[in-house]
Structure formats: C-alpha cells, structure tokens
Amino acid sequence: MSTTNMATSSNYWEDLRKQARQLENELDLKLVSFSKLCTSYSSSSNRDQRTRDSRSDSHGSPQDNMLVAMTTELEQLLANLTAVNDKMAEYTNTPGASSHNAALMHTLQRHRDILQDYTHEFHKTKTNFCSLREREDLLGSVHRDIESYKSSSGVNNRRTELFLKEHEHLKNSDSLIDNAISIAMATKENITFQRGMLKSIQTRVTTLANRFPAINSLIQKINLRKRRDSLILGGVIGVCTILLLLYTFH
C-alpha cells in the first residue's frame, strides 16, 4: 500500500511539472508575440488616424482589441502558473516527499525563478506600452484640436500652420531624444569597459614596478619631473596672468 501511495505521489509531482513546463512554454511564446505587437503598435504610421477614429468606434481598433485580449490571456497564464507552483510547494511539505525534499525544492525554486522572470517581463512591456500609448494619445489629442479648429474656422490661416509645424517638431524632437538616450547608454557602457581595461593595465604596471625596483625608481623620477614641470608651468601662467591684469587696469 505504501509503494502504491509513493507511486501515486510521484505521478502527481510529474503531472505538476508537466503543467508548469507547458505553461512556461506558452508564456514564452505569448510574451514574444506581445512584445512584437506592442512594437508594431508604437511604430504604426496610422496612429493618429486610429486615435481619431476611436472617438466614433466604441469598440476600438482591431489592434487595440488584440492587445487587450493578449494582455488578459497573459495575466490568466501567469495566474495558472502561480497556482501550479503553489501546488508544487504544498507537495514538498507532504510527509511522503521528505526523502527527496532537496531535489524537489531545487526544482520548485527553478520554476519560481522562471515565473518571476516572466512576470517581470510582462509588467515591464505592459508599462512601457502604456506610457507610449498615453504620450501618443496626448499628441493625437493636440492634433485633433488643431484639426477641429482648422475645420471650424474654415480658413487655413498662419496660426494653424504654425501649430501643425510645432506638432511635427515635437514629434521629431521626441524621436531625436530617444536616439540620443540610446547613444548615451552605449557610450556609457563603452567608457565603463575602457575604464576596466585601464585599471587592469595600471594594476599590471604597478605589479611589474614592484617586482623590478629599477623600473619603479624610473617611474618615480618621471613622476617627479612631471610634477616639477607642472609647478613651473603653473608659475609661468600665474606671472603672465598678474602682468596681464596689471596691464589691463593700468
């Protein structure tokens, strides 16, 4: 009877693992599709037209409906995977699983880490998309106000043209800022890498100097000469500055 119970418990654990792996595979595919859909949404050239049409269409655009459906599906998958992990945690606390508790806990922790990574990725993508959507909605609102004013007045006056140009300028500036931030981040990473290399070279030179006293002495002489030259140069600059001031206020 005990052997039968152990076999049943083992099968239950394997079923939970299969469910967890299946949900993880589905989440991986869905998150990739969700990220691509958000990217295509943000880069769509018809965003302003889609925003204007949404006022007369209570159901929103097909792309909006797809995003809402995919968000709901991902939230449900994450909830299901959380429930499976909770069941696995309950199983590790049963008396029959005590003999394999270390291996079970290791497996459980791995599945928990995967769940945490997927949850973080989902919320990050969703937050970035919502911020982008709010920004584009704001720009679209400005554009609609301009178009409304233009159509109501019936005159293509200079002020409307200036508003439209300013709107385009804001959009272009936003794109330039994003590019500048990307370049700055890449430059920061490159500088950090170069600083690490310079520190490594400095450490090697110091080690070499400590091993060979003659080299160490030569480096010290060079440093002293550099300090002396700096002092002389500073004195010359100071004297020249004083003479220049005296000549100016004479």
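## Salt bridges

A salt bridge is taken here as a side-chain nitrogen of Lys or Arg within 4 Å of a carboxyl oxygen of Asp or Glu. In this predicted model, Glu73 and Lys30 form such a pair, with their closest N and O atoms 3.1 Å apart. Glu73 belongs to helix H3 and Lys30 to helix H1, so that distant parts of the chain, 43 residues apart, are linked. Glu73 is partly exposed at a relative accessible area of 35%, and Lys30 is likewise partly exposed, at 27%.

The structure holds three salt bridges. Another of them joins the side chains of Lys126 and Glu75, with an N to O distance of 3.1 Å. Because Lys126 lies in helix H4 and Glu75 in helix H3, this pair ties together parts that are 51 residues apart in sequence. Lys126 is partly exposed, with 26% relative accessibility; Glu75 is also partly exposed, with a value of 36%. Asp229 forms a salt bridge with Arg228, and here the closest N and O atoms are 3.9 Å apart. Asp229 is partly exposed at 40% relative accessibility, as is Arg228 at 48%.

## Overall architecture

The protein chain contains six helices and zero strands, which gives the element order α-α-α-α-α-α from the N terminus on. Of its 250 residues, 20% are buried. The accessible surface comes to about 18,300 Å², and carbon and sulfur atoms account for 59% of that area. Among contacts between residues at least 6 apart in sequence, 72% join residues at least 24 apart.

## Nonpolar core

The largest nonpolar core has 25 residues, among which Leu27, Phe34, Leu74 and Met88 touch the most other members. Helix H1 (2–42), helix H3 (62–92) and helix H4 (101–153) are the elements that give two or more residues to this core. The greatest contribution, ten residues, is from H3.

Phe34 has contacts beyond its neighbours within four places in sequence: Leu67, Met70, Thr71, Leu74, Phe122, Thr125 and Lys126. One of these residues, Leu74, is also among the core members with the most contacts to other members, and Lys126 is the salt-bridge partner of Glu75.

## Contacts between helices

Lys87 is located in helix H3 and is partly exposed, with a relative accessible area of 40%. Leaving aside neighbours within four places in sequence, Lys87 is in contact with Tyr12 and Leu16. The C-alpha atoms of Lys87 and Leu16 are 7.7 Å apart, although the two residues are separated by 71 residues in sequence.

Thr107, in helix H4, has a relative accessibility of 12% and therefore counts as buried, the cut-off being under 20%. Not counting residues up to four places away in sequence, Thr107 touches Trp13 and Arg17.

## Cysteines

The count of disulfides is zero. For Cys38, the nearest cysteine sulfur is that of Cys130, at 8.3 Å; a disulfide would require the sulfur atoms to be within 2.5 Å. Cys38 is buried, with a relative accessible area of 6%, whereas Cys240 is partly exposed at 46%.

## Nonpolar surface patch

Val239, Ile242, Leu243 and Leu246 make a nonpolar surface patch of about 400 Å². Val239 lies in helix H6, which covers residues 213–248. The relative accessible area of Val239 is 47%, so this residue counts as partly exposed.

Conventions: Residues numbered from 1 in each chain as written. Predicted model: local features only at pLDDT ≥ 70, side-chain atom pairs only at ≥ 80, totals over all residues. Heavy atoms only, no water. Core = buried A, V, L, I, M, F, W, Y, C linked by side-chain atoms within 4.5 Å. Buried < 20%, exposed > 50% of the residue type's maximum accessible area, 1.4 Å probe, protein only. Helix = DSSP H or I, 4+ residues; strand = E, 2+ residues; numbered from the N terminus. Contact = heavy atoms within 4.5 Å. Patch = residues over 30% accessible without salt bridge, like charges linked within 9 Å, V, L, I, M, F, W, Y side chains within 5 Å. Areas by Shrake-Rupley, 256 points an atom, 1.4 Å probe, with all protein chains shown as cover.
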